[in-house]
Amino acid sequence: MNGVLTLAGLTIREAMRKKVFIASLLIAAIFVFWALVPMPVRPGMMTGGDLAHTRDFISKLFAWLGCGMIKFFSSVLAVTLAAGSISAEVDKGVLSVVVPKPISRVSIYFGKWLGLLTILGASVILWSTLLILGIWHKTGHFHPHILLGLLATCLFPLLFLTLTLCFSSFASFALSAGLSLIAAGVALAEDILFNLGRMLDSTVLDTISRVVGYIVPLGKMNHWITRGLGDAGMDMSAFAPGRPGESAIATNYADLAYIIGYIVVSTIIGVLVFQKRDL
Amino acid sequence: MSDGQLAISTEHLRKEYKGAFGKPFVAVHDLSLSVPRGHVFGLLGPNGAGKTTTINMLLGNIYPTGGSAQLLGKRAGDHSARAKIGFLPEKFQFHEFLTAEEFLDLHGKLYGMSADARKKRIPEVLALVGLLDRRKSKLKEFSKGMQQRAGLAQAILNDPDLVILDEPTSALDPVGRRDVREIVNHLKENGKTVVLNSHLLSEIEMTCDEVAILRGGQILRQGKIDDLLAAATTVRMRVLNITAPLIAALQGIAVTVAVNGEFVDAGIRDENTIPEIVSAIVGTGGRLMSLIPVRETLEDLFVRIIQDGQATPPPQAWGPPAAPVQGGPRR
């Protein structure tokens with residue numbers, strides 16, 4: 001365990017050296033800027049809405065938008081940090097003095113994973129805090145569901161970190177980042193195909209959409225964010241006409257278990273590949 | 001020699017890579033190596049001989065395709081053995097954003113050393129490699145040679161029983177090389193085993209007790225340096241009045257004979273042959289003006305073995321003692 005923590009600390013220091021915190025602070029500045037932009041909430045902004053109603057609506061809207069922003073930025077940061085993080089060190093020869101030490105390759109892998117996760121976690125906490133403060137500053141409302149939404153949002157950086165690190169165990173920076181982007185692209189197709197399938201009443205598209213949802217479960221994660229946000233949640237698939245007896249936004253614990261299983265399996269594959277590869 | 005007495009023992013170690021179009025490339029071929037404890041052992045070989053691959057297989061950086069290896073009596077990869085091994089790679093690249101002290105502290109932690117042990121040991125090794133006054137400097141501010149010194153400090157930080165140094169002097173100036181030699185001698189005096197992989201044969205000759213010469217992933221020759229070098233010597237002579245009967249007489253005694261003008265090099269099996277050579281020259285009318293016995297250097301031996309390329313050459317074989325060979329003096 002000491003080896004894992006030592007290497008996690010080293011990974012954090014390396015990220016600091018690469019000025020990752022500047023990227024994180026720049027994104028934080030977006031939230032600060034947004035919070036400070038004058039945008040008074042007035043009665044009558046919404047048709048038929050009094051001030052309290054308007055504030056409530058705006059706070060939910062900002063919660064939804066903010067979770068989307070955090071989801072996007074944290075995923076990009078995760079891919080940027082994890083891409084090539086193992087293969088680059090192998091190529092440079094840095095790991096050739098670490099691997100012969102009395103620590104396992106599993107520890108090295110988890111040390112890196114934990115270090116990167118800490119950086120991502122710190123960034124997400126910072127952005128989330130600024131988001132909540134920003135919403136409160138603008139509307140005077142604290143929408144409690146945002147916490148659950150943000151919690152579900154954390155699945156995104158966790159998945160992209162794990163997936164990209166897994167790719168990095170065998171692929172270069174460019175390739176591992178590229179593979180992760182392809183995975184994200186594939187996942188984007190899920191909701192599009194789902195909606196198309198419903199509009200065209202095509203079971204083939206519907207089936208493809210479901211399969212895509214299992215290849216990269218971003219859609220399922222999105223649904224969990226929506227569920228977490230409660231009535232502030234907005235999901236494109238919610239607007240699709242549902243079939244009788246079917247909910248458009250289907251979240252269940254089996255899906256959550258699948259997401260967690262997906263992350264665990266990605267980690268195991270990454271560890272196995274790293275364990276078997278020559279340095 | 002039992003496994004317990006050996007620092008390194010490999011049996012039929014093999015590494016095969018998949019080459020272009022699936023054609024396999026064998027980097028290390030059936031390597032069986034025994035390195036006794038307390039010795040300074042040199043791994044020699046031309047580029048691509050498989051030295052670094054062998055070292056990396058021993059350390060777990062590369063997985064062997066076949067065979068087995070033991071380090072300090074335990075299978076390669078065993079953590080308790082790794083805790084007693086130090087390693088400096090050939091292509092070293094460290095975390096350059098760390099200071100020398102932080103770098104060693106990191107590796108001390110990875111070795112599982114306690115905070116107290118690290119605090120005591122780090123200044124010691126920094127002083128040993130001459131970097132104590134630069135302990136607060138970042139590695140990126142170091143020259144390549146200084147980084148190599150820091151790497152050496154890392155390799156001996158845990159007071160290892162086995163130190164593997166892959167080209168440890170490649171970036172060092174003559175003073176640095178001498179320092180490394182002194183460190184290696186210091187390790188040897190303390191009963192440590194050192195494996196040196198170096199192209200600098202003079203360094204190896206000065207430092208090592210035993211060497212193995214590799215080519216094409218195979219050991220061509222292994223043994224104590226004194227034994228290997230005592231095996232063959234040359235006498236260099238300046239002779240006047242060289243005649244065909246004189247050369248024929250020399251060929252009957254020496255292993256090889258090379259004539260260039262009035263200079264004659266004769267390869268001999270042992271020094272007892274020298275009086276016979278002198279008698280043969282005088283007896284056939286030659287005038288011996290000078291005779292210098294020249295011991296073969298490690299470089300000579302290395303080049304000869306590599307050029308012969310025999311995995312198991314007959315001892316002391318220099319080539320056919322046939323017709324005189326025209327050529328310049330060997331040095």
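Because it's a prediction, local features need pLDDT of at least 70, side-chain atom pairs count only at pLDDT 80 or more, and totals for chains, interfaces and linings use all residues. Residues are numbered from 1 along each chain as its sequence is written, chains are lettered from A and ligands numbered from 1 in the order in which they are written, and side-chain values use heavy atoms, with hydrogens and water left out.

Let's start with chain A. Its secondary structure is 11 helices and zero strands, where helices are DSSP runs of H or I with at least four residues, strands are E runs of at least two, and numbering goes from the N terminus. Of the 279 residues in chain A, 51% are buried; buried is under 20% relative accessible area, exposed is over 50%, and partly exposed is in between, with a 1.4 Å probe and protein chains only. The accessible surface of chain A is about 12,800 Å², and 74% of that belongs to carbon and sulfur atoms (Shrake-Rupley method, 1.4 Å probe; for residues, only the protein chains shown count as cover). Now contacts, meaning heavy atoms within 4.5 Å: among those in chain A with a separation of 6 or more, 81% are between residues 24 or more positions apart.

So how do helix 9 and helix 11 of chain A cross? Helix 9 covers residues 203-215, helix 11 covers 253-276, and their axes come within 10 Å and cross at roughly 45 degrees. That makes helix 9 of chain A oblique to helix 11 of chain A. On the cut-offs: under 35 degrees is roughly parallel, over 145 roughly antiparallel, 65 to 115 roughly perpendicular, and the rest oblique. The axes are lines fitted to C-alpha atoms, for helices over the stretch in contact, with angles from 0 to 180 degrees between N-to-C directions. On the helix 9 side you've got G213(A), Y214(A) and I215(A), meeting D255(A), Y258(A) and Y262(A) of helix 11. The residues of that contact split into four nonpolar, one polar and one charged. Here Ala, Val, Leu, Ile, Met, Phe, Trp, Tyr, Cys and Pro count as nonpolar, Asp, Glu, Lys and Arg as charged, and the others, Gly among them, as polar.

D201(A) isn't a glycine, yet its phi is positive, about 55 degrees. At 58% relative accessibility, D201(A) counts as exposed.

One more in chain A: F110(A), in helix 5 (residues 105-139). F110(A) is partly exposed at 30% relative accessibility. Leaving out residues up to four places away in sequence, F110(A) touches V4(A), T267(A) and V271(A).

Over to chain B. Here L72(B) is another non-glycine with a positive phi, about 50 degrees, in the loop between strand 4 (66-71) and strand 5 (74-75) of chain B. L72(B) counts as buried, at 13% relative accessibility.

And the helix pair here? Helix 5 (residues 144-156) and helix 6 (residues 174-189) of chain B have axes that come within 12 Å and cross at roughly 5 degrees. That makes helix 5 of chain B roughly parallel to helix 6 of chain B. Contact residues include R149(B), L152(B) and I156(B) from helix 5 and D179(B), I183(B) and L187(B) from helix 6.
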